[in-house]
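Subject: Structure handover

Dear colleague,

I am passing on the structure below, followed by notes on what was found in it. Please read the notes with the structure open beside you.

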Amino acid sequence: MIFTLIPLPVLILYHGGERMSYLSKDLETMPRDELKALQLKRLKEQIARTYERVECFRKRMDEKGLKPEDIQTLEDLAKVPFSYKKDLRDYYPFGLFAEPLKNVVRFHASSGTTGKRIVVGYTRNDLETWAECAARMMSAIGITDEDIIQVSYGYGLFTGGFGVHSAAEKLGCAVIPMSSGNTKLQIQNMVDFGATVLCCTPSYAMHLGEEVNHMGVKDQIKLKCGIFGAEPWTESMRREIEKSLGLKAYDIYGLTEVIGPGVACECSEKAGMHIWEDHFLPEIIDPDTGEVLPEGSTGELVFTSLTKEAFPVIRYRTRDICRLEYQPCKCGRTHLRMCKPQGRSDDMLIVRGVNVFPSQIEEVLLKTSGGDITPNYQIIVDRVNNTDTFDVNVEMSESLFEDEVRSIESIEKRITSELRSTLGIGAKVHLVNPKSIERSEGKAKRVIDKRNLH
Ligand code: DLL
């Protein structure tokens with residue numbers, strides 16, 4: 001096998017007070033049996049520490065009659081109780097912390113889809129681990145200290161902005177800390193500062209691409225790649241972004257509870273996202289029964305942190321539905337890869353009894369567009385006379401809008417029929433005027449489900 005590893009920088013990793021110096025290249029290409037031995041050592045420590053310090057976890061272990069010493073192999077993890085987003089709400093704000101606040105140096109938070117926000121904390125070592133993981137992610141993509149990085153993820157309680165910011169500084173890149181929004185200024189800075197890397201949500205990248213072309217400055221931007229994540233996006237959307245901004249688009253994954261961006265990322269092969277398994281142990285389970293599924297199955301992704309101090313997570317149910325790839329990657333990294341999450345199990349719509357992921361609709365829209373529609377859409381589900389209604393509003397392109405001859409109705413019919421054959425149910429497709437659907441500067445809101453409002 002030919003290894004095409006991009007030279008990786010030496011990064012220093014702190015864990016549990018001990019200072020470890022590793023070549024991240026060695027870590028990322030470590031033979032799997034060595035990696036598993038490292039995981040087991042860290043797993044035992046993380047479980048013992050969490051048992052000792054986090055009451056909720058200790059109670060759940062005790063209820064199952066389990067002690068930390070019962071975890072002697074990686075397979076034993078399957079016996080350990082799960083943790084859930086609900087726990088973060090029930091123990092809000094600091095009830096799941098494993099360190100006194102004196103040792104916490106940063107908070108981040110995310111607004112759950114419903115109810116109370118969730119809060120996580122980081123010690124100084126946690127921030128170091130996070131920056132290291134996210135810097136490895138950037139290295140895997142080919143970003144170096146020569147790069148100028150425009151960070152257009154939101155800064156603040158959301159982990160996106162600060163997460164990639166610290167990593168980029170660690171790599172020695174020049175950072176433009178834009179945060180999200182203020183689109184015209186974003187583009188102006190991109191041009192004036194010569195940004196070579198863009199970091200934002202894929203839906204905001206689409207919007208930036210649209211505006212760059214509208215302002216006629218595409219030939220003045222120097223972007224070579226973009227690292228996009230924080231929400232599900234399709235391969236067709238990747239192609240659209242690459243075309244409109246003239247860059248290579250890479251997928252990155254993470255979640256607040258586990259650490260933020262830097263949990264997993266694509267390498268130059270763009271063939272799934274390597275999970276940094278020396279810090280985060282993944283499992284795929286059946287979301288209904290909780291059983292660990294065999295290798296290669298699609299199911300819910302569950303993470304156990306291996307090195308976190310302030311906010312360890314043990315068997316945390318992400319609700320993200322995906323598959324893990326165990327085959328070695330052509331890049332030479334041995335850490336397994338996760339495929340693009342097709343959506344969160346709690347984002348999945350059940351319309352007239354059929355399971356529908358917004359990403360399936362997006363794929364159909366982009367595949368069948370033929371230049372007639374734009375990738376801006378919104379799904380509206382309601383219930384009228386005890387029956388679900390299912391409408392998809394899609395913006396037509398400027399060219400179709402100006403075309404007086406072609407029938408909008410026939411295009412709507414074509415998309416309706418494609419959607420029916422993919423989803424197995426009928427949706428009413430409405431072509432709406434260009435720029436009439438609100439653009440997103442962070443995570444896009446694609447679905448309006450009015451059924452619970454009645
Ligand atoms: O979105 C962290 C992040 C910031 C990741 C910037 C990547 C880039 P949360 O706000 O807690 O954290 O949302 C986490 O977003 O469980 C997934 O459902 C979704 N998600 C994140 N990355 C991806 C991705 C950040 N690449 C939730 N593809 C996760 C699909 C993603 N979904």
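The axes of α10 (residues 358-367) and α12 (residues 408-423) cross at roughly 140° and come within 10 Å; axes here are lines fitted to C-alpha atoms over the stretch in contact, with angles from 0 to 180 degrees between N-to-C directions. Helices are DSSP runs of H or I with at least four residues, numbered from the N terminus.

On the α10 side, the contact (heavy atoms within 4.5 Å) is made by Q360, I361, V364 and L365, and on the α12 side by I415, E418, L419, T422 and L423. Of these residues, six are nonpolar, two polar and one charged.

The model is a predicted one, in which local features need pLDDT of at least 70 and side-chain atom pairs count only at pLDDT 80 or more, while totals for chains, interfaces and linings use all residues. Residues are numbered from 1 along each chain as its sequence is written, and side-chain values use heavy atoms, leaving out hydrogens and water.

As for the cysteines, a search of the whole structure for disulfides (pairs of cysteine sulfur atoms within 2.5 Å) finds zero.

Best regards

Definitions and conventions
Helices (H or I, at least four residues) and strands (E, at least two) are DSSP runs, numbered from the N terminus. Ala, Val, Leu, Ile, Met, Phe, Trp, Tyr, Cys and Pro count as nonpolar, Asp, Glu, Lys and Arg as charged, and the others, Gly among them, as polar.
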